[in-house]
Amino acid sequence: MCGIVGYLGFQDPKKVIVEGLKRLEYRGYDSAGIAVIHDNKIKTVRAEGKLKALEDKLATENFNGHLGIGHTRWATHGAPVEKNAHPHRVGEISIVHNGIIENYLDIKRELLDRGAKINSDTDSELVAHLINEEVLKTQNLFQAVQKTLGRLVGAFSIVVIWEKSPDELVAFKDGPPLIVGLGDKENFIISDVQAALQYTKNYVYLEDREIVHIQNKEVRYFSADAKPIEKKVNHLNWGTEQIEKMGFKHFMLKEIYEQPRAVAAAIQPHLNPETHQIEIKNLNFKSSSKEVFNKIERILFVACGTSYYAALVGKYLIEKTSRVPVDVDVASEFRYRQPIIQKNTLVVTISQSGETADTLAALRLAKDLNTHTLSITNVPQSSIDREAEGHLYMNSGVEVGVASTKAFTSTLALLNLLALEIAKARGHLTVAAENQAVKNLLAVPSQLETVLAFDKYFSEAAEKLKEFKGFLYLGRGVSYPIAMEGALKLKELAYLHAEGYAAGEMKHGPLALIDSRMAIVVVAPTDDLIEKTVSNLQEAKARGGKIISIGTGENEALKSMSEYYLSLPVADWMTNPLIATVPLQLMAYHLADSLGLDVDQPRNLAKSVTVE
Ligand code: G6P
């Protein structure tokens with residue numbers, strides 16, 4: 001977690017770094033800070049809390065220069081207070097750090113034995129001490145950093161500046177992402193391309209254990225043992241509108257409204273609108289995708305958070321259409337339970353950011369076990385994308401709101417395609433069924449538009465939800481993971497306790513929770529399980545349960561038992577999850593907004609979780 005910006009160029013570094021940190025605040029917002037070399041002196045300003053507090057402090061500062069580093073923090077070691085905010089200054093050195101130094105206790109002991117004065121509770125400051133000791137000996141920043149790296153154990157990215165060298169930045173990555181942005185007479189070192197998107201579209205992605213050394217306008221790359229290496233420059237075609245709110249009150253609201261376009265962008269490259277056939281493009285498996293899909297005997301999804309719920313939808317879609325057994329694992333569990341991966345298993349990692357530490361570790365484990373891997377990511381060239389064998393892209397554009405929305409529905413669309421493609425490869429899909437499925441998918445963007453047009457009803461429903469203290473979100477079949485995702489959205493945004501439950505499990509415990517302050521939000525679009533869901537609701541209603549339901553068209557049975565009924569357009573069972581998600585997102589959004597909460601940056605959370 002944490003966001004890093006390093007800058008060397010002709011602009012005021014304060015301005016460039018603060019702008020960059022704004023784009024990275026989704027990575028953490030416990031504190032922020034900046035260090036700039038001005039008149040051969042390092043000037044540091046740090047503030048507890050969100051970036052705004054730092055901006056307020058900087059408003060009265062006049063220093064500028066042309067080199068600096070900045071940081072927005074998600075606290076790991078040490079409380080979120082100013083003394084623990086980055087950059088950390090020790091002697092002639094200042095550093096920003098993202099990640100965790102696992103051997104920090106050994107280093108700390110050693111430094112204290114040598115009489116070092118330690119000012120913060122962070123592991124990061126200790127690294128600054130080590131580099132400072134080295135630079136005093138060598139008078140060479142690159143050598144000092146390179147020598148220190150051998151001492152560190154953990155997962156970390158760091159950027160370092162040296163007071164005596166106002167035209168030099170050295171950075172190293174071993175874990176959390178670090179990207180070099182190559183501008184015109186200016187260069188950037190950043191955690192995510194968003195931080196420099198308004199200045200350049202050319203990026204170099206550092207791999208683990210690589211060092212970048214920027215001196216004046218020269219950018220050079222090295223392995224950890226200081227051997228020069230060549231790096232590929234990637235050109236990114238993203239416009240800056242991706243990182244603006246474009247008139248919406250929040251990024252999250254904008255991203256919810258972008259879903260028709262995002263879903264279309266996810267599926268279009270793989271659909272032939274004339275033949276109504278699926279042709280998944282550029283999966284890039286080592287052998288042909290048909291061969292892989294034919295041969296596999298099991299699929300294993302691994303993901304975290306919202307991506308995990310998308311994976312659960314994938315299980316329903318794939319098992320039913322292609323008859324391949326599918327398991328789904330939370331990445332943090334998968335990686336430590338010595339998972340059994342038989343021959344011919346396809347491991348699919350889903351990650352919007354492509355950087356979630358647990359998901360990345362799970363992917364690496366799967367690769368070590370010599371199995372086929374496929375990543376579904378939104379960020380091309382992210383770590384998970386780079387390391388997986390096969391690739392599918394959400395194409396959602398930048399997602400800024402910490403709670404994932406458009407990446408979720410885009411993933412559901414891709415999982416529809418994947419399920420159909422696997423079914424096709426295994427002879428389980430007739431041409432007629434394929435044509436129909438493609439038509440169903442092509443209809444989703446306009447169905448999403450229709451649902452979005454009902455926003456005022458979701459906002460009204462959100463008002464109703466305010467009366468309750470607890471929430472059960474129910475669904476059956478493919479709607480069950482959607483109910484879980486709806487409950488997660490409410491927790492993340494409105495800080496209210498909500499649980500997603502399989503509707504059929506109500507009688508095995510949750511019925512005991514029902515009273516007048518417990519709301520039941522049910523996801524019940526018309527499918528072959530709708531009658532069973534309605535029966536489960538009767539049981540809850542008979543015990544005084546208050547129901548808010550989401551159903552297809554005018555479902556009278558559902559309507560008659562609900563306090564509030566929200567209507568969805570008619571869709572297929574495979575595409576229902578996409579449209580049923582929108583009311584849940586919008587209800588959580590409106591409820592949180594009306595409670596005055598920060599929906600784009602919910603407390604204690606971060607978008608890209610690059611620590612385990
Ligand atoms: C964090 C975010 C969630 C997200 C999860 C997984 O917890 O707050 O919104 O679903 O990480 O992120 P990923 O980038 O791997 O999909």
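**Ligand site, domains and backbone exceptions**

An oxygen atom of the ligand lies 2.5 Å from an N or O atom in the side chain of Thr-356, a polar contact (a pair of N or O atoms within 3.5 Å). The protein buries 90% of the 390 Å² that the ligand exposes when taken alone; accessible areas come from the Shrake-Rupley method with a 1.4 Å probe. This is a predicted model: local features need pLDDT of at least 70, side-chain atom pairs count only at pLDDT 80 or more, and totals for chains, interfaces and linings use all residues. Residues are numbered from 1 along each chain as its sequence is written, and side-chain values use heavy atoms, without hydrogens and water.

**Ligand contacts**
- Ser-307 places a polar side-chain atom 2.6 Å from an oxygen atom of the ligand.
- Gln-352 uses its backbone: a polar atom there is 2.8 Å from a ligand oxygen atom.

**Ligand surroundings**
- The ligand has 14 residues around it, each with a heavy atom within 4 Å.
- Ser-307, Ser-351, Gln-352, Ser-353 and Thr-356 come nearest.
- The shell divides into eight polar, four nonpolar and two charged residues; Gly counts as polar.
- Helix 9 (residues 305-322) gives the most to this shell, with three residues; helices are DSSP runs (H or I) of at least four residues.
- The ligand sits in the largest pocket, with more than half of its atoms within 2 Å of the pocket's grid points.

**Domains**
- The chain is divided into domain 1 (3-242), domain 2 (245-451) and domain 3 (455-594).
- The C-alpha centres of domain 1 and domain 3 lie 45 Å apart.

**Backbone exceptions**
- Most residues other than glycine have a negative phi, and most peptide bonds are trans.
- The peptide bond from His-86 to Pro-87 is cis, with omega near -5°.
- Pro-87 lies in the loop between strand 4 (67-73) and strand 5 (88-90); strands are DSSP runs (E) of at least two residues.
- Asp-39 is not a glycine, yet has a positive phi of about 50°.
- The loop between strand 2 (31-38) and strand 3 (41-48) holds Asp-39.

Notes: A polar contact is a pair of N or O atoms within 3.5 Å; within protein, one must be able to donate a hydrogen and the other to accept it, and residues adjacent in sequence count only if both atoms are side-chain atoms. On a 1 Å grid over the protein atoms alone, a cavity is a set of points where a 1.4 Å probe fits but cannot get out, and a pocket is an open set with protein on both sides within 12 Å along at least five of seven lines; lining residues have an atom within 4 Å of a point. Domain bounds come from an automatic or database domain assignment.
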